Amino acid sequence: MNSYETLNEQQKLGVFTTEGPVLILAGAGSGKTRVLTHRVAYLIEEKGVAPYHIMAITFTNKAAGEMRERINAMVGMGAESIWVSTFHSSCVRMLRRFADRLGYDTSFAIYDADDSKTLMKDICKRLEIDTKVYKEKSFLNAISAAKNELISPEEFALQAAGDFNKTRQAQVYREYQARLKANNAMDFDDLIMKTVELLKFDTEVRTFYQEKFQYIMVDEYQDTNTAQFELVRLLASGRENLCVVGDDDQSIYKFRGANIYNILNFEKYFPNATVIKLEQNYRSTENILNAANGVIANNTGRKEKRLWTEAPAGDKIFYQQFDSAYEEADYIARDIAAKVRRGEYTYGDCAILYRTNGQSRLLEEKLIMSGIPYKIVGGVNFYARREVKDLLSYMKVVDNAQDDLAVQRIINVPKRGIGATSIGRAADYAYANGMNLFEALERAQEIPSLGRAVSKITPFVDLIHHFREVCANRGLACLLQEIIDATGYVEELKAENTEEARGRIDNIDELLSKVVSYEQEAEEPTLSGFLEEVALVADIDSLDEDGSYVVLMTLHSAKGLEFANVYLSGMEDGLFPSYMSIVSDHSDEEIEEERRLCYVGITRAREHLALTGARMRMMRGETQYHGISRFVREIPQELIAGSTWEPKPKDSFAGAGSSGYQKMSSMKSTPLAAQTYQAKNFGTKIQKDTLVYGEGDRVRHVKFGEGTVVQINDGGRDFEVTVEFDQAGRKKMFASFAKLEKI
DNA sequence: TTAAGTTAAGTTTTT
DNA sequence: CTTAACTTAA
């Protein structure tokens with residue numbers, strides 16, 4: 001028996017309103033997971049609903065795992081038959097059972113982004129598309145967007161009629177889908193779209209799941225896309241016991257197809273919906289909350305709500321702009337070290353958040369230098385590492401020989417003397433005869449063009465057959481060990497004897513232990529099951545929030561987490577909000593999305609929040625100059641401590657050229673006062689027409705004195721100016737640094 | 001024909 | 001600074 005008395009009135013409403021559609025607008029830190037878990041317990045204990053009839057959907061495995069844990073603790077017996085899982089794994093579970101009705105084998109492979117790209121490259125080659133003009137990425141983006149909107153290749157082609165570019169995309173989409181099917185594979189988007197297809201067109205399956213899932217709950221609803229909405233709608237139609245929990249202010253995945261109207265228009269789809277707002281925040285201090293409120297208030301078209309708290313005002317928000325990203329990172333590392341030394345926080349209390357993964361390197365260096373333990377979330381996924389992908393590909397081929405991509409990846413790894421030409425010939429033969437690559441390899445003798453290469457291919461085919469036997473007779477861990485031994489993969493790395501190779505061996509060991517633990521923990525371990533688990537994990541899933549290390553991650557990864565002491569680094573216009581969003585055609589909308597991201601970042605902090613920025617930072621090998629992020633200015637100034645953003649003499653170089661940038665950003669939502677300031681002090685790069693001197697002119701430099709300009713080179717972002725100084729001699733310098741005056 | 005070495009180009013956010 | 005494409009040597 002659980003006590004529901006610890007819940008506030010709004011939360012209780014969310015728990016007790018079990019029938020019909022319910023929309024819970026849950027602000028950051030308002031205890032939505034508590035509501036969901038109590039709701040499940042209430043359904044089972046008070047309403048007598050069988051656990052078998054309950055489904056809870058989340059976006060990440062981590063969220064699913066946490067919810068599962070809390071439900072298990074509350075419900076006890078029978079809890080394991082509740083479906084608590086992500087959109088993707090729920091879909092896989094349904095597809096593994098019924099995919100044959102869509103013409104797929106139920107042991108289909110799941111392609112990650114890397115696999116999709118490899119396949120797309122191959123398609124572009126076959127269709128003779130110049131990937132210098134039409135990027136693989138742009139095709140994949142178009143296809144993904146279509147799938148998120150449930151647009152089939154046929155429909156896409158119809159809509160594309162008359163448009164040359166879109167017709168080409170349609171052709172690629174069709175081919176891509178055909179190849180996936182031939183490989184018996186689905187990409188991430190297919191998992192959702194194919195499940196929707198299944199439910200839509202197979203009445204038997206639809207009825208089965210509608211009967212099964214009588215109570216459905218969806219977490220992070222603001223991030224659902226059209227396909228996911230349709231999936232939920234199909235499952236819930238009939239009883240309509242659908243409870244969605246979300247916060248439109250935390251919708252940050254539009255770029256991935258999230259449809260914010262799913263939440264904004266929920267009441268239109270379900271006119272009889274009960275709407276509940278959770279506005280009391282139990283996480284942050286009042287100052288942090290007010291800062292977040294101040295920022296998000298600049299967005300239009302949101303559901304009106306204002307978070308409040310009973311917590312004390314707490315520390316002010318620290319803000320400081322540094323001269324360089326180097327100093328910024330240095331400050332953060334020192335500050336963490338100092339706070340830990342004083343006993344205010346542990347390493348595990350601290351998180352450093354940033355907009356782009358690229359910012360982590362500098363921070364990482366500083367943390368290492370200061371001897372601070374840390375963990376980076378994101379960047380290169382464990383399962384995306386070369387050695388791990390190689391070995392997984394062997395397992396994939398053993399599991400599903402139709403997977404041409406996996407075959408191609410390993411056929412010459414380690415080197416067997418089967419080169420691109422031989423593979424190409426086998427692939428052509430397979431393509432011409434409508435078979436899979438591996439089938440073609442099995443009949444290598446029958447392919448005349450292969451010639452002597454046959455003698456190298458046959459042992460490879462035999463090897464795979466051997467692995468298949470091992471898998472069937474001795475299990476997964478033995479299979480992987482046998483793959484490692486028979487291919488000599490680790491042997492080869494050992495021989496390299498480099499730091500890098502040792503790292504790779506460590507990763508392989510980790511993979512091995514993951515296989516072992518999967519085999520022990522899974523109820524019914526299968527090769528497909530393992531590969532599926534591996535395909536659907538995100539880096540964030542492995543994060544232990546109680547760890548004794550500082551966590552570094554992107555703002556996107558941080559959603560749903562909380563830390564006592566948070567650093568938002570890189571608060572610079574052009575970085576956050578990103579340059580892309582500022583110059584976009586739909587700038588207003590994109591800036592709003594960035595602003596929501598900022599809101600997410602601020603509300604991760606429980607007690608202490610520091611915002612930092614740098615005037616100058618190296619990005620992809622070039623020095624960039626940024627002004628202060630507009631989001632910093634949107635925080636009520638009385639909440640801010642540390643240096644304020646009054647212009648300082650040091651800022652002068654930033655004033656040089658702002659014209660180009662200014663025009664591009666329409667700052668409708670920025671307060672007037674801030675706008676005037678921005679106009680004055682908003683430098684990014686020096687424009688050509690801002691150079692007041694030319695070659696041959698006499699100039700004066702602060703340190704070097706007077707001289708003559710010899711040469712000006714356009715260095716892309718900046719100008720490289722060569723000056724022959726009267727005293728100091730010939731110097732090369734960047735225009736933005738030199739601050740040369742014409743005489 | 002393969003494999004290693006060199007050069008060039010490209011980087012928002014990700015289940 | 002990394003990854004992919006190209007070149008050249010074996």
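Tutor: Let's start with the classes: Ala, Val, Leu, Ile, Met, Phe, Trp, Tyr, Cys and Pro count as nonpolar, Asp, Glu, Lys and Arg as charged, and the others, Gly among them, as polar. This is a predicted model, in which local features need pLDDT of at least 70 and side-chain atom pairs count only at pLDDT 80 or more, while totals for chains, interfaces and linings use all residues. Residues are numbered from 1 along each chain as its sequence is written, chains are lettered from A and ligands numbered from 1 in the order in which they are written, and side-chain values use heavy atoms, with hydrogens and water left out.

Student: What makes up the lining of the second largest pocket, by class of residue?

Tutor: That lining divides into 4 nonpolar, 3 polar and 7 charged residues. In total 14 residues line the pocket, and Asp-122, Lys-125, Gln-408, Ile-423 and Gly-424 lie nearest its centre. Helix H5 (113–126), helix H18 (404–410) and helix H19 (420–433) each give two or more residues to the lining. H5 has the largest share, with 7 residues.

Student: Why is it called a pocket and not a cavity?

Tutor: On a 1 Å grid over the protein atoms alone, a cavity is a set of points where a 1.4 Å probe fits but cannot get out, whereas a pocket is an open set with protein on both sides within 12 Å along at least five of seven lines; a lining residue has an atom within 4 Å of a point. The volume of the second largest pocket is about 490 Å³. That volume is the space filled by probe spheres set on the points, with grid points joined across faces, edges and corners.

Student: Which label does Leu-150 get, buried or exposed?

Tutor: Its relative accessible area is 18%, so Leu-150 is buried. Leu-150 sits in the loop between helix H6 (136–148) and helix H7 (153–160), and has a positive phi near 60° although it is not a glycine.

Student: Why are Arg-233, Glu-240 and Asp-544 called partly exposed?

Tutor: Arg-233 has 33%, Glu-240 has 27% and Asp-544 has 40%, so each falls in the range in between. Arg-233 belongs to helix H11 (residues 226–236). Glu-240 is in the loop between H11 and S7, with a positive phi of about 55°. Asp-544 is in the loop between helix H24 (527–535) and S12.

Student: What makes S12 largely enclosed?

Tutor: 5 of the 5 residues of strand S12 (residues 550–554) are buried, so the rest of the structure largely encloses this strand. Val-550, Leu-552 and Thr-554 point one way, and Val-551 and Met-553 the other way. In a regular strand the side chains alternate between the two faces of the sheet.

Student: How do you know that S10 and S11 both pair with S12?

Tutor: Two strands pair if DSSP finds at least two bridges between them. Strand S10 (residues 350–354) has 4 bridges to S12, and strand S11 (residues 374–376) has 3, so both pass. Both pairings are parallel. Leu-552 stands opposite Ile-352 and is also the bridge partner of Ile-376.

Student: Why are S3 and S8 called edge strands?

Tutor: They belong to an open sheet of 6 strands, in the order S3-S2-S6-S7-S1-S8, with parallel pairing. Strand S3 (83–86) and strand S8 (274–278) each pair on one side only. Within this order, strand S6 (residues 215–218) and strand S7 (residues 242–246) are joined by 3 bridges, where Ile-216 has Leu-242 as its partner.

Terms used:
Buried < 20%, exposed > 50% of the residue type's maximum accessible area, 1.4 Å probe, protein only.
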